[in-house]
Structures are given as structure tokens and as C-alpha cells.
Amino acid sequence: MAKEGNRLAQGDKAPAFSLANQDNESVTSQELLATPTIFFFFPAAGSPGCTKEAVDFQDYLEDFAAQGYQVVGISPDSPNRLKEFSLSHDLSFQLLSDPDLAAHRSFGAFGEKNLYGRVYTGVLRSTIVTDEKGEINQALYNVKATGHTNMLKKRLGI
């Protein structure tokens, strides 16, 4: 189980950040948080689980958008790697590069985890949903890559 380090809860203010997107353009939390946003934190672009999760978000992007949400993926990958990932899977939402894991840590998406009995620290697959005021609506940690978007749609009433 992951240790609860800096986990966010409903009503918390989303942490500030500035990260490069897949086009190597700077994106700030201030720009994003004026719109309800679904941030999903993932370990590695191109891995099977992360690919499944990103493609699922793409498949339901119109459903989320119809309810006013934008989707933003955040990983430790470089902007170039995220660009390749985006192009290879026809992703039309922003992917942000967090190589020093500062945003991951501030959102609680990095910490101790257990995989097959081995305990280590790393990226916790997490989804944080914010409202138009930049406040946390949902904070979901250690989510499963498969079926996660369907669960999120139900939680959001979509």
C-alpha cells in the first residue's frame, strides 16, 4: 500500500505548477485551473497500462468535455517522448512533462508502493479532478489503468 504523503482531499486548493507540454510549451496551473480539469498522473508513456489509460481518456474525451472538463496527463517523460506518445495514439489532450516529479509530489501522486511484495517509491497512478475555482473535487490514488475512466465517469455522473 502507498503511504499517504501529501495526498489531496476534496476542497483543497490545487497546487501551483509550471510544466512543459508535449510541444515543449510552458503551461501553468493558473492557465489550466480556470476550467474544470481531470489531471491523470501516469508513470511512463508507452507502457501497456499507461497507453490503455491514455487511450481510454481519449475515447471518452467528448463525454468529459460535454460536462465542461478538460483532460490533462502528467508523467515524468520528456516533452519529446510525450509528443511521440501523443502522435502514436492520436491523443488530442495536453500531456505535461514533470521530470523532477515536483507536480507529482505536490499532488500526492508519488510515494511508496508495493508491487508483488517489493516495496519501493515511484509514481502512483492517480487522478485529480478540479473545479473552475481550482479546488479539488475528487482525489483518486492508486487507480487501475483498465476500467478507470468508466469508474471516473460514474463518480462524476457522466
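The paragraphs below go from the sheet to the cores and then to single residues.

This is a predicted model, in which local features need pLDDT of at least 70 and side-chain atom pairs count only at pLDDT 80 or more, while totals for chains, interfaces and linings use all residues. Residues are numbered from 1 along each chain as its sequence is written, and side-chain values use heavy atoms, with hydrogens and water left out.

Seven strands form an open sheet in the order 2-1-5-4-3-8-9, with mixed pairing. Strands are DSSP runs of E with at least two residues, helices are runs of H or I with at least four, and both are numbered from the N terminus. Two strands pair if DSSP finds at least two bridges between them. Strand 2 and strand 9 (136-141) are the edges, each pairing on one side only. Neighbouring strands are turned by 30 degrees against each other on average, direction ignored.

Strand 3 and strand 8 (residues 126-130) run antiparallel and are joined by five bridges. Thr37 has Thr130 as its bridge partner in strand 8.

Helices pack on this sheet. Helix 2 touches strand 3, strand 4 (70-75) and strand 8, and its direction makes about 165 degrees with that of strand 3. Helix 6 (residues 148-155) touches strand 3, strand 8 and strand 9, at about 150 degrees to the direction of strand 9. Contact means heavy atoms within 4.5 Å. Axes are lines fitted to C-alpha atoms, for helices over the stretch in contact, and angles run from 0 to 180 degrees between N-to-C directions.

Now look inside. The largest nonpolar core has 21 residues, and Phe57, Phe93 and Leu152 are among those with the most contacts inside it. Such a core is a set of buried Ala, Val, Leu, Ile, Met, Phe, Trp, Tyr and Cys residues joined through side-chain atoms within 4.5 Å. Helix 2 gives the largest share, three residues. A second, separate core of 18 residues includes Phe17 and Ile136.

Is Gln22 buried or exposed? Gln22 is buried, because its relative accessible area is 11%; buried means under 20%, exposed over 50%, and partly exposed in between (1.4 Å probe, protein chains only). Gln22 lies in the loop between strand 1 (18-21) and strand 2 (26-28). Its side chain reaches the backbone oxygen of Phe93 at 3.3 Å.

Tyr116 sits in the loop between strand 6 (110-115) and strand 7 (118-123). Tyr116 is exposed, because its relative accessible area is 80%.

Notes: Polar contact = N/O pair within 3.5 Å; in protein donor to acceptor, adjacent residues only side chain to side chain.
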